[in-house]
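Welcome! Here is a short briefing to read alongside the picture.

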Amino acid sequence: MEFMFDKEKNKEKIERFRQIIQDHKETKGALMPVLQGAQEIFGYLPAEMLQLISEELDIPLSEIYGVATFYSQFSFIPKGENIISICLGTACYVKGAQDILEDFEKLLGIKAGQTTGDMKFSISSTRCIGDCSMAPVVTVNEDIYPRLKKEQVKEIILKYGGEIK
Ligand code: FES
């Protein structure tokens with residue numbers, strides 16, 4: 001299951017964030033500091049908060065997304081405890097990395113770029129990480145898994161405390 005923003009659980013953070021918006025509301029160029037505030041408080045930019053910014057600062061949502069996507073410091077999804085990263089560079093791709101990625105997606109019930117509902121895992125795909133002779137390469141946090149076989153996908157999820165659905 002994919003991660004959902006829980007307004008109830010984030011009540012206090014939302015209040016803090018509202019205050020940041022109020023503090024900047026009347027100043028020119030308020031959008032950047034407000035976005036930075038959201039990133040800091042929530043660890044990413046929840047869609048619900050972007051909506052709030054749009055209403056409060058009277059800036060169209062499309063413009064806010066435009067600015068936020070331009071800067072790499074902003075992220076649109078929360079990061080899970082464990083980041084599983086599958087290299088989809090040419091060498092890894094040829095050796096079946098796409099299949100491995102799909103296995104992770106299937107077993108965790110999320111797509112690349114998403115985080116599981118329990119915040120345990122995020123999946124991302126990367127370009128060549130420079131270990132092509134070890135293809136296909138998967139990393140989990142700082143751990144590197146060279147020449148990964150499909151059979152290992154389950155093992156890896158279990159090793160990092162995941163459940164197989
Ligand atoms: S293509 Fe994956 S490490 Fe180079």
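How many helices and strands are there in the chain? The chain holds 7 helices and 4 strands. Please keep in mind that this is a predicted model.

**The chain as a whole**

- Along the principal axes, the C-alpha atoms of the chain fill a box of roughly 55 × 30 × 25 Å.
- The chain has 165 residues, and 39% of them count as buried.
- Take the contacts between residues at least 6 apart in sequence: 63% of these join residues at least 24 apart.

**How α1 packs on α3**

- A handy idea to begin with: two packed helices are described by the angle between their axes and by the distance between those axes.
- Helix α1 covers residues 11–24 and helix α3 covers residues 47–57; their axes lie 11 Å apart, at an angle of about 30°.
- Angles under 35 degrees count as roughly parallel, so α1 is roughly parallel to α3.
- The crossing of α1 past α3 is right-handed.
- On the α1 side, the contact is made by Ile14, Phe17, Arg18, Ile21 and Gln22, while α3 brings in Met49, Leu52, Ile53, Glu56 and Leu57.
- Sorted by kind, the residues in this contact of α1 with α3 are 7 nonpolar, 1 polar and 2 charged.

**How α6 packs on α7**

- Helix α6 (residues 97–108) and helix α7 (residues 152–159) cross at roughly 50°, and their axes come within 10 Å.
- That angle makes α6 oblique to α7.
- Here, α6 and α7 form a right-handed crossing.
- From α6, the residues Ile100, Asp103, Phe104, Leu107 and Leu108 meet Val153, Lys154, Ile156 and Ile157 of α7.
- This contact of α6 with α7 is made up of 7 nonpolar and 2 charged residues, with no polar ones.

**Cysteines and disulfides**

- A disulfide is a covalent bond that links the sulfur atoms of two cysteines.
- With the rule that the two cysteine sulfur atoms must be within 2.5 Å, the count comes to 0 disulfides.
- Is Cys87 buried or exposed? Its relative accessible area is 3%, and buried means under 20%, so Cys87 is buried.
- Cys92 is buried as well, with a relative accessible area of 3%.

Technical notes
Residues numbered from 1 in each chain as written. Predicted model: local features only at pLDDT ≥ 70, side-chain atom pairs only at ≥ 80, totals over all residues. Heavy atoms only, no water. Axes fitted to C-alpha atoms, helices over the stretch in contact; angles between N-to-C directions. Helix = DSSP H or I, 4+ residues; strand = E, 2+ residues; numbered from the N terminus. Parallel < 35°, antiparallel > 145°, perpendicular 65-115°, else oblique. Left-handed = near helix turned anticlockwise from the far one by under 90°. Contact = heavy atoms within 4.5 Å. Nonpolar A, V, L, I, M, F, W, Y, C, P; charged D, E, K, R; others polar. Buried < 20%, exposed > 50% of the residue type's maximum accessible area, 1.4 Å probe, protein only.
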